[in-house]
Amino acid sequence: TVTVLSASCARSAQLLFNKTKSVEYTVCNETISIPCFVINMEAENTNEVYVKWKFKGKDIYTFDGSDNRSTHDSAFKTSGIKISELLKGDATLMMHQSNAVPGNYTCEVTVLSREGETTIEVKYRIVSWFSPNENILIVIFPVFALLLFWGQFGIKTLQYRSGRMDEKTIGLLVAGLLVTIIIIVGAILFVPGEYSVKNATGLGLIVTSTGLLIILNYYVFKTAFGITSFVIALLIIQVLVYVLAGVGLSLCISACTPVHGPVLISGLGIFALVQLLGLIYMKFVGSKKCIDNPPNEKI
């Protein structure tokens, strides 16, 4: 009988926790919360409570209710708990992501003569900024538009200028190569991965260089056979959809989770489609105009 009573008293002296095995955080989490919930707190005042958080056996945060004082380890200076929630049994540790380190964290709570502890594993999970399909489309559409520009340039050089490389053609060639280099560099920086300054810079280079194709298209058509109403319509549509892509770009760069990715991709996709229409027009429609009306050498 005495043994059973002692065991019962021992159990009553222990604090019980609503245990959480692990928590995860990603690059998008600005604040990390490590849960610690005491089921049978039964404290009437915070001066009866003492909380200690440890990481790998080292104290990183303590709250001494008797002195109403908190202390932090220098490596976890943003860590803290909500004192007002302690009497509800909530001793959850919160800290800025910059201080978070993956590993096992131990929460120790003492209420007068009762005490207990629980351990939670904190894991870091790598998440891609865009989905795999979005990553592919964001790169494919600008590359496709670039290839179509080179197709237009080739038709202009071989069909409309009889293969002659004048100064204007050389200028277009150099500008086209520059845009090509920018897109390639942007695609390299925009390697699928987490939201980062590098990825955001790569995306910005891709979208910006795609917009430069509008200017190059204008000079390709003008030096080939002149600007027609259909060409003007194509260029206007490209400007409008590029604005759409630019809006999508700004929304995506400003958010760790790019929920407006479809806006950006739609703009780039329509841009490439209009580029294809320009190539078809130059090949099958513009040639007849070139024969009937020799090109004007002035830009």
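Helices (H or I, at least four residues) and strands (E, at least two) are, in this talk, DSSP runs numbered from the N terminus. Leucine 240, for instance, is found in helix H5. The model before you is predicted, so local features need pLDDT of at least 70 and side-chain atom pairs count only at pLDDT 80 or more, whereas totals for chains, interfaces and linings use all residues. Residues are numbered from 1 along each chain as its sequence is written, and side-chain values use heavy atoms, with hydrogens and water left out.

I call a residue buried under 20% relative accessible area, exposed over 50% and partly exposed in between, using a 1.4 Å probe and protein chains only. Leucine 240 counts as exposed because its relative accessibility is 56%. Helices H4 (197-224) and H5 (229-253) each supply at least two residues of the patch, and H4 gives the most, with 4 residues.

I turn now to the aromatic rings. Rings of Phe, Tyr and Trp (its six-membered ring) pair if their centres lie within 6.5 Å; planes under 30 degrees apart count as stacked, over 60 as edge-to-face and the rest as tilted. By this rule there are 13 aromatic pairs. Phenylalanine 55 and tyrosine 105 form a tilted pair, because their ring centres are 4.6 Å apart and their planes stand at 35°. This pair links distant parts of the chain, with phenylalanine 55 in strand E3 (residues 49-55) and tyrosine 105 in strand E7 (residues 103-111), 50 residues apart. Phenylalanine 55 is buried at 9% relative accessible area, and tyrosine 105 is buried at 0%.

An edge-to-face pair is formed by phenylalanine 130 and phenylalanine 190, at 5.8 Å centre to centre and 65° between the planes. Both residues lie in loops: phenylalanine 130 between strand E8 (114-124) and helix H2 (132-160), phenylalanine 190 between helix H3 (167-189) and H4, 60 residues apart. Phenylalanine 130 is buried at 1% relative accessibility, as is phenylalanine 190 at 3%.

Next, the charged side chains. A salt bridge is a side-chain nitrogen of Lys or Arg within 4 Å of a carboxyl oxygen of Asp or Glu, and the whole structure holds 6 salt bridges. In one of them, glutamate 108 meets lysine 54, with the closest N and O atoms 2.9 Å apart. Here again strands E7 and E3 are linked, glutamate 108 lying in E7 and lysine 54 in E3, 54 residues apart. Glutamate 108 counts as buried, at 18% relative accessibility. Another salt bridge joins lysine 58 and aspartate 73 at 3.3 Å, N to O. Lysine 58 is partly exposed at 49%, while aspartate 73 is buried at 12%.

A further salt bridge joins lysine 88 and glutamate 85 at 3.6 Å, N to O. Lysine 88 is exposed at 64% relative accessibility, and glutamate 85 is partly exposed at 22%.
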